[in-house]
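Hi everyone, thanks for coming. Please have a look at the sequence and the structure on the screen, and then I'll walk you through a few spots.

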Amino acid sequence: MQMKTRKAIAVMVMWMMAFMVFGATLAQSQEYAYTQVIVTIATSKSFSVTLNGQTATNSNPTFPGTATQVIWFNGTTGNEQAVNATVAGASAQVGPWPACTTPIEVFKNTGNVNLRFNVFQNNTIACTTFMYNASMAAGSTTGTANATLGVIDAAGSAFVSGLGMNNQTNLCIWSNFSACGGGSYYTTFNYTSN
Amino acid sequence: MKKLILALALMISIGLSLSFEFGPMSFGPKQTKYIQNFESGTLGNWTNSSLWIANTATTPLNGSYSMFFQGTGTGNTRLFAANQTGGTSGWQDVQIIATVKTNGLDDGENITLSVYDGTTWYTIWSQEDVTQQTDTWNLNSTFFNNANFAVNWTCVSNGGANERCWVDDFAIRGTPLGGLRITNLSISPVNGSSVAMNQYSLFNVTATAQCNGGVTGECGDVNASLYYNSTNLVPNKLVNTTTGETPFFLVDKYIRPSSYKTTSTTWYNPTYAYDGDVNDTITYASSQTQTSSYINYTLSTKLDSTRIFYTFNHSNCAVSGNLGGGCGIGIYNWSSNSFITLYNATIARTTIFTNNTLVTKDNGTISSYGDVLIRAISSGNSTFSTNFFLFDIYMSLEKSNPQSCSAMLQGQNCTATWQVNATGTPSTQYWLNVSFNSESSYILPNSTGNFQINISAAGPASYAFTITVPGNNVTNSDPSFPGNPTPNLEFVYNGSGGGSQFYVNASFNYSGATSWQNSAVPAEKCTNTGNVAITWAIKMNNSWPSNIVMFANDTNAIGGTTTYFIFSSSNQLQLSVAISGTKSLWFYMNFSNINDAGGTKYYNQLNHSSS
């Protein structure tokens, strides 16, 4: 028994020595380092605006963003109600009120998160009120458009919320004139995504 | 009946053979590759002048027809390679057997057998008067496995009465490759191994070969010869032109003068500037007068059974004095206080060479275990007016080259070992190759092919490296996988949903800040901090999604169009990095049709290793 124990110890020592030598040899043959690589898909809240019959205008991260074509609301008496919007240079009215079938603007979520869109008027015109309603575009199922009549004012109004990536919302806009004198009046509609 | 006669003739032909090459007759059973007895009544696939015909009327040698010459002039009949299925391709130990006869030829007229190796026709037999006989001609290895092998019979006659030549029962025999040959060659160290650059740091080169082929026989006396790449390590000038022996390593850079002595009894330390180059220079003061000056090159390693090849040169050794003289060199055994006696030559105590003479000497065996001094000596009372140069002391260990494997029988192995000195310039390479050659022309030689040996710095090989990322952050390698982490490498896609973005720059985020690669700062720089040249290997743990491509180039062409290397789990980028050298990489990422939600992250790991 004692002899067996000695043999076992001897064998174990030999193994340990062999391991130590072998291990030392291996240790000299290669060295290592590593780099963790992280790819991040950053959040994008980009969108595009397409005016009726026009090409799309892409949003820009910096206010006020990129300008679309000009929209006209043409009245004759200065007291009309629900005047349809018209893209500059186009003769056709867009609308009609209140069941909008041809939106003046279509918003598309080109980002990679769901978006809420707001519209507000940068500088108001005293004799006019701008109204809108929104609807989800055909084939767009993610999002809630504000179908009820809203007002575009300086405070702003959300016309769609939760608009999914690549989904689109139609926006129809009308103007009410009240004792407007002859001439042209200018304002700016601003759109934001968040 | 004729076939029986032919078979008997072939069987006894060995005993009757007229050997073209000396050597063992057979290494395995031969087979008949081509045979023609002309019994079809034509010469078959022999291309001949009209002087040779298949003839039955003039007493054919065997059977009814022989190939027969009767005419005036010189007539050739040839069997080209294309007419014998590719010459001797696939055959070795080739022999020709034929029954021949001449009649009535005059002096200077004869029948001749020639063979063709693709370039030259060689006459292997020619005779005037030939009584009908069946002969065998064993060919040498030039005609083995030769796709252009061809045979030609020529008969020269002036057309005198009954002047004739016959050839019959012609055969080409041999052993198909797959018979005995030198096979299963190997060499160690393996290709690409590194050896440390220590003075007299020896390593073994071992090569093995086997006599193989599945048939009984022997491969003859086989020699194993070690070769080095002639453009590396040892200059051709060191080839011993007397013996043809080729030394295959050198220690030129590391034999340095250890001391010198002028007219005084004091030994001085060398005043040369040792720059690691081959030139060691001792500068004497201008017009310094000396008597028997010495420069000692101390070879402290025991040099038993060692041969020293030295090359001595000097320049600007303008001497003058009572004896005129010049500069010289001798080999001195310091412990015995005597110059070494050489076994095949006696080198004079002072060997005088003229200026700028390059001399290579084989100084034979040095049996001393004591320190050996190579002593450079001026002759007599001389004045060294300028510099005294010694350079290029080469040394070669004696281990016979080639080495003998003796007679190798089928199935036997031969192992030959050489000791090679690892000394050389770090980060350089040379190539070793062992060729096994049989003294028998029947056995084709074989060689291991070149094996690259990398010269590394002295000491245990270290494959250490560092990775430096933008912001000058340095990570040391570690012997254990996966090693130490560098700061995280990041790529950020900031395009729109469903969009694409190309050549996105790499950045490293650590210590609360982001550092970017730029035209002057690579994403990762590998610095070889070890003592051997390394291969820097970079590989991803996992592949990226198909619409995300990470790639690298080794220029600073940020945003350029040159794709250098695309990473995946199966693609490994490998770059050689010299000792203390660096290699830089710039990383980029292409994103295509990204439909992932904002905030999505992908993780991967770039593994670096050295070997």
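Let me start with a term: I call two residues in contact when their C-beta atoms, placed from the backbone, lie within 7 Å. A word on the source: this is a predicted model, in which local features need pLDDT of at least 70 and side-chain atom pairs count only at pLDDT 80 or more, while totals for chains, interfaces and linings use all residues. Residues are numbered from 1 along each chain as its sequence is written, and chains are lettered from A and ligands numbered from 1 in the order in which they are written.

Now to one residue. Which residues does B:Ala81 touch, leaving aside those up to four places away in sequence? They are B:Gly86, B:Gly87, B:Ala147, B:Asn148, B:Phe149 and B:Ala150. Take B:Phe149: in sequence 68 residues separate it from B:Ala81, yet C-alpha to C-alpha the two are 5.4 Å apart. B:Ala81 sits in the loop between strand E5 (73–79) and strand E6 (91–103) of chain B. Strands (E, at least two residues) and helices (H or I, at least four) are DSSP runs, numbered from the N terminus.

For the cut-offs, buried takes 20 or more other C-beta atoms within 10 Å of the residue's own, exposed 12 or fewer, and partly exposed is in between, with C-beta atoms placed from the backbone.

Stepping back to the chain, 39% of the 611 residues of chain B count as buried. Chain B has 48 strands and one helix. Of its contacts between residues at least 6 apart in sequence, 79% join residues at least 24 apart.

E5 also belongs to an open sheet of five strands in chain B, ordered E2-E5-E10-E7-E8 with antiparallel pairing; pairing here needs at least two DSSP bridges between two strands. At the edges are strand E2 (47–48) and strand E8 (121–127), each pairing on one side only. Strand E7 (residues 111–116) of chain B joins E8(B) through six antiparallel bridges, and there B:Thr112 stands opposite B:Ser126.

Finally, the two chains together. Here 25 residues of chain A are in contact with 49 residues of chain B. On the chain A side, strand E1 (residues 31–41) gives the most, with eleven residues. E1(A) pairs in the parallel sense with strand E37 (residues 484–485) of chain B, over two bridges, and A:Tyr34 has B:Pro485 as its bridge partner.
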